Amino acid sequence: MPSLKRALAEGRRLVGSWVFSASPTVAEAMACQGLDFVIVDMEHSVTELADVLHILRAVGTSGTEVIVRAPDTDVTRLRRLLDAGARNVMFPFVETVAEAQALASASRYPPDGTRGFAMMHRGAGFGTRPDYIRTASDDICLIAQIETRAGLDAMEAIGAVDGIDALFFGPGDLSAVAGMIGQVKAPEVRALKEHGAEVCRRLGIASGTLVPDVDSADWAAGAGFDFISVSSDLTMVARGAQSVMGALPRG
């Protein structure tokens, strides 16, 4: 598969899942199932930069793309993730054009941005990719999450920022915006997401979302989302364990 950025630009619909466990083995096992991408969570898990590095290495030869969800919009953390070899980064709670512009700038080398120069890092093949400075931005995909009322109000302007490649609409936080927290399948929540996907189509950028199950994935595809994350590693493990335990004879 081409890079995530290029695949989305080609109009491919991609399906993946979430990795909360911080485990490179679990991420690798998921990638072996043919997922287009896995999203490695740094916001709601114990995953740290070193864990991300191990996951990037574990998944690197599988053809599955790794999206790292950063814990915040800190530009220094973004630069470290890029230097570690992450090329797809998603940011929670993006609410303003200024935030989006700062992230886009931090991902690009001068004169187009403010990313600091270095070559002896994993992203540049530890100095073996002399064209990295010139070509890195071709495959770096930045995804802004729209999760609040302020984000919804500004999403068209955020999505129009040069360097923002996609918007992602998380159902959990949008359910809170709709006043029905946790009801991620509610029509009101889905309407907010559908509007977001329509805005992205108008802007000519990709849209993504998270869904809890296969039936919801069918809905998301019908709503026009370009990349859809279904369930998560820990959810699948927990449900599998529940299924086995429920079938066992118990004294």
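How close do the axes of helix α4 and helix α5 come, and at what angle do they cross? Before selecting them, note that this is a predicted model, in which local features need pLDDT of at least 70 and side-chain atom pairs count only at pLDDT 80 or more, while totals for chains, interfaces and linings use all residues. Residues are numbered from 1 along each chain as its sequence is written, and side-chain values use heavy atoms, with hydrogens and water left out.

**The α4 and α5 crossing**

Select residues 75-83 for α4 and residues 97-106 for α5: their axes come within 9 Å and cross at roughly 35 degrees. Helices here are DSSP runs of H or I with at least four residues, strands are runs of E with at least two, and both are numbered from the N terminus; the axes are lines fitted to C-alpha atoms, for helices over the stretch in contact, with angles from 0 to 180 degrees between N-to-C directions. The crossing is right-handed, meaning that the near helix is turned clockwise from the far one by less than a right angle. Show the side chains of V75, L78, R79 and L82 on α4, and of A102, L103 and A106 on α5, which make the contact (heavy atoms within 4.5 Å). These residues divide into six nonpolar, no polar and one charged.

**The barrel**

Next, colour the strands, eight of which close into a barrel in the order β1-β2-β3-β4-β5-β6-β7-β8, with parallel pairing; two strands pair if DSSP finds at least two bridges between them. Neighbouring strands are turned by 25 degrees against each other on average, direction ignored.

Start with β1, residues 14-19, where five of the six residues are buried, so that the strand is largely enclosed by the rest of the structure; buried means under 20% relative accessible area, exposed over 50% and partly exposed in between, with a 1.4 Å probe and protein chains only. Four bridges join β1 to the parallel strand β8, residues 227-232, and here V15 has I228 as its bridge partner. Four bridges also link β1 in the parallel sense to β2, residues 37-41, where V19 stands opposite V40.

**The nonpolar cores**

Select V89 and L167, which touch the most other members of the largest nonpolar core, a set of 59 residues. Such a core consists of buried Ala, Val, Leu, Ile, Met, Phe, Trp, Tyr and Cys residues joined through side-chain atoms within 4.5 Å. Helix α9, residues 187-203, gives the most to this core, with five residues. Leaving aside residues up to four places away in sequence, the contacts of V89 include V68, A70, L78, C141 and I143.

In α7, residues 149-159, display G151, L152, A154, M155, I158 and G159, which are buried; what covers them includes α5, β5, β6, α8 and α9. Finish at G182, in the loop between α8 and α9, which counts as exposed at 56% relative accessibility. A distance drawn from C-alpha to C-alpha between G182 and P171 spans 8.3 Å, although the two are 11 residues apart in sequence.

Key
Nonpolar A, V, L, I, M, F, W, Y, C, P; charged D, E, K, R; others polar.
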